[in-house]
Amino acid sequence: MGCDEKCIRQVSQYLNAPVGKLAFDVGGNISATLSNSTVTGFATIVLSLAKLSKTPQFGRNIEDEVVVRQWIEYIACYGRCLESSSSRRVLEELNDVLSSGAYFVGNYQTLADVVIYYILYNVMLGLTLQEKEQYQHLSRWFANMQQDPALRQKNRLLVFSRIPLYS
Amino acid sequence: MKLYTNQNNPAALKVLIAGNTSGKNVTHEIVAVSDAQHHCPRRLPVLLLDSGKKIFSTNASTRYLLPPSQGSEIPVDQWLEWEACQFLPVLAACLSSGPKLDGDLRNRFIELLQTLDVALLNKEYIVGNSISAADIVLFCSLYPLVADPRLRQYWLADRQNIVSWFLHLQALPTVKTALEALKVQPGGEAYQALIAGCWQPMPEVSLLTPADKQRPQLQSTGSLDSSIAPKEAPISEAELESAREAWVTGTSSRPRPKLIKKPIMPIAGEKNILITSALPYVNNVPHLGNIIGCVLSADVFARYCRLCNHNTLYICGTDEYGTATETKALEEGLTPQQICDKYFLIHDAVYKWFNISFDYFGRTTTPEQTRVCQEMFLEVHGNGFTSTQHMDQLLCQKCNRYLADRFVEGTCPLCGYEDARGDQCDGCGHLINAVELLSPRCKICRTTPIIQKSEQFFLDLPKVEPLIRHWIDKVWAGWSNNARVIARSWLKDGLKPRCITRDLKWGIPVPLKGYENKVFYVWFDAPIGYVSITAEYSKEWKRWWQPKSDTQVTLYQFIGKDNVPFHSIMFPATLLACNKGYTIVSYIMATEYLNYEDGKFSKSRGVGVFGTDAQNTGIPADIWRFYLLYVRPESQDSSFSWIDLATKNNSELLNNLGNFINRALTFAEKFFGGILQEIILGPAELALLAQVNREVRAYSAALERARLRDGIRHILSVSRHGNQFMQAQQPWVLMKGTDQERQQAGSIVSLCCNLACTLAVLLHPYMPSTSEEICEQLNAPKDVMALSPEVVQLLPTGHHIGKPKPLFAKIETAQIDKLKQQFSGRQKSASPEKSTPSTPSAYLEAAIHKQDVQIRQLKATGADQSEWLPLEATLQELKRQLAATQQPAANGPRVGNGPAAPAAAASPGNPEEIARLEAAVAQQGEKVRQLKGSGAERSVWQPQVAILQQLKEQLVAAGGSVAPPPKPKGKKK
């Protein structure tokens, strides 16, 4: 739950859409106050923030927007697995998806890439070089994403090796 | 667009229904899960868009096909996210896991269902006024569950809102077409298909606080039927070592009960636990549901806290002010104070019989209550948290009083029923507002009241709300699920001001000039009873309720779920508004409802067992306590069942717990003259101790969170382990062997006697008398009654035990059948008015006496003749009737004691007699209807009803049959 909060703050800063006080309600769901109404749930908050932003990165057409929404839901749903033993399964899935495309949606950066970058940062930070090499496509994508200082904010630049060392 | 899905996957339904609803054409094809064409990621169903893009999130597809209307994006998105991230993972895990369902998972699912049910209250659609993507995704996930009658009965028996919303959606043509096209099967397999198509994240089952997470997570053997065997993890080396360590060295350092100084007061630096049970309302005899709901649950917890040597104060009392007392007083012809005095004694006696260990059982009609309540009101008022407002109220000018809802009758504005009550119509069941009644009349004098504006005080909850939110955030995590859900739903819509005064006489007067004729509304003063009853207990009550900063007092409140708003919002609001550092509740432990067999307890129909009945059944109080706690409605409504009571007594108490203890003690007496032998710890002994330690830790963990049902199951597991140990070791065989083997037998038996002593400690909160009895049979020293975290040797080698006796008796089927019959309805003993006369002549005598007194009082006050003359006429009529009833029995020994006129029954089957009686029944029935129709008072028609019943009995006895009477407006069933 803690990483959701941090991630929302980073997305808010990146999109230049201020998010007010974040709170956990009685059921343990995160909620934010956006333009005087309460919005509950990680995905819904992120999507609402994007709506408020001048650069929402929702995708270039309606179909791409559907795919963006799909990935935001995916990460809200499976993101918590990253702290458990099923993290491998999620990383493999993401790696598979990126094996056939440079970004998650179409061939350009969208909100999906932004949110997944922030959510994955802690996990990537903890991987060894050998593990990073196993998720070759995901690592390539991540190494590319972190080059943007506006996106990276205070996150460290993580080290990736371009030359396969272990295979 | 084309949808690819595996067989029987409910998620595919979402997309088809959305397509049908929006009129977009979606075809579908069933494919195998292994079809590699749809991997990357490996997910089904997947929607192939015309542009060639693939969408695997069915919620995103649904939203794409049926976008939310302007302004409803956020609510729809919230529900889509909730369904995908929280609801579905738990639902799928629950329904696909077969019979071995994890208790926490089950509880989590119940909580989610409750959230959904609350959100659907009075709604056709979950967002707005038409079907949206949110409805569709929730509907489809629930479809296989709701469509299966067995599952629906199990999970949704008390979730009416979900069921009616679901049935409404299911009937829509667009939904029907999709259901026919896909043929998803009802039942659990559909969820297996769903998981096969797309893996689900492990659900977050419990909302534990960080502190809870650090605590070792013990598997719960409790939340389920004991028929489903828990999966036991193997005992580790470390556990064996720690069991030995505790056993060998723990005896000298084990906790001993500390001396309790009275009055009990909190002490700085120690754990101070203040426990309250909801104050039972004084106007009725408590039934079993009331007893388990609060007083008994709080009692177990209080006894557990004392076992842990915490400074524990358990406070309760009767709630006595309010309209219901006045109504009851009117009914019984007593003053409100007399009613309170009478029922207070009944309550007190019932709780004493159930062995409830209140430190003080008080009442709310005390000078202390008036003082504390008025003081708190003035503080709240002084701090600016009150407001006033004018409200319409009915005033009876003849009685010179404002009429509470229950004191008004009239014609229902909705259905035209003539005898509607001021708060609810018996004809159509609608809740109504007393001022809306057509042709209202005062229940007492039957004149028409006038509507008058009257100024009332309100507690300004919107102003207190920020304080409540700030406070509740810190405490809610430890509450029971239902308390959290209900409090959340109250806060969700924002709080509104609540009226706290009334124009009544029976209550605490408002201490302000100009408001002398008003009293506090009962919900405002009742919770303050907790404080004032503590003040009755000791002059130093402020040490509990306004503790110094160095002393921490933790308040636990045990209540039924209907009381949650008052304990989670209103009472804390009062205390916060006072701003005087009052102790505010930390843990709200709310129970659901207990049903009786398959229905509800009903006082008026005499269905169910009431506090006063339990003692007449011949079943000891401890057995009642055990069974009520065993079926405690902890996470959902549960039922009391006689057969189950007998089964649990015979299987769990008699054959498991009682059997183990009795065998251990009997062997010790028979083989070793009652003297405990040296205990040698071999591998089997250590394994047993380690297993028992697990149960003891789980028992503590359960009781810390007031999960009382779980606690009892851990106790039973301890004796189950003990029985298995004894059965495997067979000391009675060893006794016939070598010296060494006899020594071994001595060790086994003595270890079992020690376990019996541990069981006595664990059992103390649940069955105090049994616990005491075990200690007596063991001749255990007084200082064993304290809970050790691990099993230690309580009885040393050489200890001399007492005389073993069986602890429990078998409950026979015949006995249970008899009791079941006795309490199936209309039994007289449910009501405390056992003295109520039951023969017509006795009724009449009582009515005559009452009428007589009334007339004399009226005359004494110098009332006008016109006032008492009608009453005089009624009196004469009653006297005439009495004479008439006494006639048939005139040739008997004496009138009035015994059923009148049994002589008529002497000739069964006599057709003339039957005809005569039939005519008499018809005539009497007509008379009763006329009397009731004319609006006569109860005291007038009641005797006539009694005569009617008597005649009917005679008729049946004579061999006739009673035709169902034409219902006279169904007022009294």
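## Chain A in outline

Of the 167 residues in chain A, 40% are buried, where a residue is called buried if 20 or more other C-beta atoms, placed from the backbone, lie within 10 Å of its own, exposed if 12 or fewer do, and partly exposed in between. The model is predicted: local features need pLDDT of at least 70, side-chain atom pairs count only at pLDDT 80 or more, and totals for chains, interfaces and linings use all residues. Residues are numbered from 1 along each chain as its sequence is written, while chains are lettered from A and ligands numbered from 1 in the order in which they are written.

Chain A contains eight helices and three strands; helices (H or I, at least four residues) and strands (E, at least two) are DSSP runs, numbered from the N terminus. Starting at the N terminus, the order of elements in chain A is α-β-β-β-α-α-α-α-α-α-α. Among contacts in chain A between residues at least 6 apart in sequence, 61% link residues at least 24 apart, a contact being two residues whose C-beta atoms, placed from the backbone, lie within 7 Å.

## Two packed helices of chain A

Two packed helices are described by the angle between their axes and the distance between the axes. For H2(A) and H3(A), the axes come within 9 Å and cross at roughly 145°. Axes are lines fitted to C-alpha atoms, for helices over the stretch in contact, and angles run from 0 to 180 degrees between N-to-C directions. The crossing is right-handed; a crossing is left-handed if the near helix is turned anticlockwise from the far one by less than a right angle, and right-handed if clockwise.

On the H2(A) side, Phe42(A), Ala43(A), Val46(A) and Leu47(A) meet Ile72(A), Glu73(A) and Ala76(A) of H3(A). The residues of this contact comprise six nonpolar, no polar and one charged. Here Ala, Val, Leu, Ile, Met, Phe, Trp, Tyr, Cys and Pro count as nonpolar, Asp, Glu, Lys and Arg as charged, and the others, Gly among them, as polar.

## Where the chains meet

In the contact between the chains, 29 residues of chain A touch 28 residues of chain B. Strand E3 (37-40), helix H2 (42-52), helix H3 (62-78) and helix H4 (87-98) of chain A each supply at least two residues of the side that touches chain B. H3(A) gives the most to that side, with 10 residues. The residues on this side of chain A divide into 12 nonpolar, 10 polar and seven charged.

## The parallel sheet of chain B

Chain B holds an open sheet of five strands, in the order E7-E6-E5-E17-E18, with parallel pairing; two strands pair if DSSP finds at least two bridges between them. Strand E7 (360-363) and strand E18 (587-591) of chain B stand at the edges with a single partner strand each, so one side of each is left without a neighbour in the sheet. From one strand to the next, the twist averages 20°.

E5(B) and E17(B) pair over six bridges, and Ile273(B) has Thr554(B) as its bridge partner in E17(B). Five bridges connect E17(B) with E18(B). E17(B) is mostly covered, with seven of its eight residues buried. Helix H20 (residues 564-578) of chain B lies across E17 and E18 of chain B, running at about 160° to E18(B).
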